[in-house]
Amino acid sequence: MSSLACGINLFRKGQFQDAVDCFSEALKNDEDQFRIYDCRAAAYEKLGKLKEALRDAKCTIDLQPNRWQGFARSTRLFLQARKYEAAGRMVELAIERIPPDLTRKRDEMLALRDEVSVAQASLAKLASKRAYHFGKLPLEIATVIFGLVLADDHAQVVILAQVCRNWRVVILDTPTFWGTLVLGTRRPKRKLEVWLKRSRNRIRELAVLDGVIDDLHSLEGLDAVRTDALRSLRQENYTPDSLLLHRSFPFLDIIASLDQLTLHAHTIQQFLPTMILTKCLNWRVLELTKIITAFEFDLAERLKQLEILSLKHCLFVSYWGGFLKLLLVNSGIAQLKFVTLNPVYTRDPDEDEPEEEIPAIIPMPSLTNIHIEDTQQLANVLLPRLDARSLISLHIFSHRERLDACLSWLTVGSAAKLTTLAIQRSPVAVHPLIAVLKSAPHLETFQLTHVCDVAPAILKALATPLELPPPASSIGTVPTSSDDTSGERASMSRVVCPSLRDLDVSHCPDVVASPIISLVRLRHPDTHKFAASADDSNEDTRVAPLPVQPLQSLVIDGCSKVDADVLPWLRAAVPFVSCIYLARNKANWRR
């Protein structure tokens, strides 16, 4: 038996290494070298020796370049070696050389070509996932992306700088990314040095947290901060002389030019020194906590660019007219926030307060957000003096005096654009509040919590459709037989607060299920079709009703009179429903 035949027999028995030895011996006897190299390539392939197999496959192609077997073998070997581009070339050459009568072999090669194409597509997809596309972006676009991330959380600047070398280069070479400096108790001196270096002394926002001001040594180097760059200052544990004690910080020179000033004290402290308040102030944001505020008339002459004013737990010692004058000259204020503001008037009761320059109604066209919390009568005293036609959000929490004047003020016109109304732990009357809701067609979020004897009537009003007035052309006319829809037009309805999407009546103990069910049904898409057809059926009406929005969230926590049997229906009709009757500790006690 020849060495070639012996090798083929051993190959069929699975003895691939012995078959390779026989094929190598056959090459020495000058037998059919094309067939021997092809057989030995197959044996090497079975042994997983792709390099040797490819070498023999190349020899078959060199010996018989017009035959397809060597190219087919090379295709399979390149495919196993994940050389998909070479495999694609080999399979095309193999298909070109297969005789027309070998249809089965041609079909096998076509299937192999499809397999190579799929493997190439998978490799390209994987390479696309692993490719560093960010490095191909222009530097300007990368800088904008980093800036958007840091706008939400400036502390991410350290993390971004540690992602990779390219990112680190961009982050370190952009001084604006290091413009926010927060000094805490952890190595403040070292952090100050690093931030000053990387920002090139252009710190825009400086925050001094609690505990840092006690260690004056840690603040050495603040004199390097460019006063023309600093726009925001926030200090915790504020005292009037805290920053003034450190001579290296030019406090007096920059405080007046700030855009934002935030001072938080642990105990009641005096406001800024008088020497500062005599300067022209450029503050746009003023946030004070536990500060004795004295808004005299001369301050209103120097502070005229406020956009946000926040007073928390402050002792209000001032002429009331001085505070109103401050609001008058700052007509650009967009947000007002007062928490535990206790007015203490220092003037003599017999002394006339100089209010001759202050109109009865103060125009505030930019005011959109008001938050009043834990006060005696501030909402009733202050809000009726304001003309806030652009008001969008109003939050009143823990107001001890009943909100009669405040609700009347809303009804007059301030509720026209209102989208959020939250009343918590504050006494209100039913009819004034219903009047406010009727005058707030754009109200989307309504919160009425921790009140008694009010919520059921409010829910009933929200669940009751209101009749639209008949068209002016139909008044005084007799319906004809051809006008069959006149009765339907007269009964066309609209609802209170058609834009309402989020409702919270938590901890109102007298809330029951029936008005809630009616409210949800009235605003369900299958029910409020009359709102969508109002425009077509009542063309003579001056203002068409707004489309009724379905309720998206309902919170009835602490409403123990709501039957548990209605909750499955509510959860099927409203995307989010929260109904927690008891806290866990109380529930366990009752068991």
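User: Why does His313 count as partly exposed?
Analyst: Its relative accessibility is 36%. Buried means under 20% relative accessible area, exposed means over 50%, and partly exposed is in between (1.4 Å probe, protein chains only). His313 at 36% falls in between, so it counts as partly exposed. This is a predicted model, where local features need pLDDT of at least 70, side-chain atom pairs count only at pLDDT 80 or more, and totals for chains, interfaces and linings use all residues. Residues are numbered from 1 along each chain as its sequence is written, and side-chain values use heavy atoms, with hydrogens and water left out.

User: Where is His313, and what is its phi?
Analyst: His313 sits in the loop between β6 (308-312) and β7 (315-317). Strands (E, at least two residues) and helices (H or I, at least four) are DSSP runs, numbered from the N terminus. Phi of His313 is near 55°, a positive value in a residue other than glycine. Most residues other than glycine have a negative phi.

User: What makes Asp453 count as exposed?
Analyst: Its relative accessibility is 65%. That value is over the 50% cut-off, so Asp453 is exposed. Asp453 lies in the loop between β15 (445-449) and α19. Its phi is near 65°, again positive in a residue other than glycine.

User: How do you know whether Thr368 is buried or exposed?
Analyst: Thr368 has a relative accessible area of 19%. That is under 20%, so Thr368 is buried. The residue is in the loop between β10 (362-363) and β11 (369-375).

User: Which residues does Thr368 contact, leaving aside its neighbours within four places in sequence?
Analyst: They are Ala334, Ser390, Leu391, Ile392 and Ser393. Contact means heavy atoms within 4.5 Å.

User: Why is α19 called roughly parallel to α21?
Analyst: The axes of α19 (residues 455-462) and α21 (residues 513-522) cross at roughly 25° and come within 8 Å. Angles under 35 degrees count as roughly parallel, over 145 as roughly antiparallel, 65 to 115 as roughly perpendicular and the rest as oblique. That makes α19 roughly parallel to α21.

User: Which residues make the contact of α19 and α21?
Analyst: Leu459, Lys460 and Leu462 of α19 meet Pro515, Ile516, Leu519 and Leu522 of α21. By class, six are nonpolar, none polar and one charged.

User: What makes α8 roughly perpendicular to α10?
Analyst: The axes of α8 (residues 139-152) and α10 (residues 165-172) come within 11 Å and cross at roughly 80°. That angle falls in the 65 to 115 range, so α8 is roughly perpendicular to α10. Leu139, Thr143 and Phe146 of α8 contact Trp167, Val170 and Ile171 of α10.

User: How do you know what span α6 should have?
Analyst: The expected span is 1.5 Å times one less than the number of residues. For the 14 residues of α6 (residues 84-97) that gives 20 Å, and the end C-alpha atoms are 20 Å apart, which agrees.

User: What covers the buried residues of α6?
Analyst: The cover includes α4 (50-63), α5 (69-80) and α7 (103-130). Among the buried residues of α6 are Tyr84, Met90 and Ile95.

Methods:
Axes fitted to C-alpha atoms, helices over the stretch in contact; angles between N-to-C directions. Nonpolar A, V, L, I, M, F, W, Y, C, P; charged D, E, K, R; others polar.
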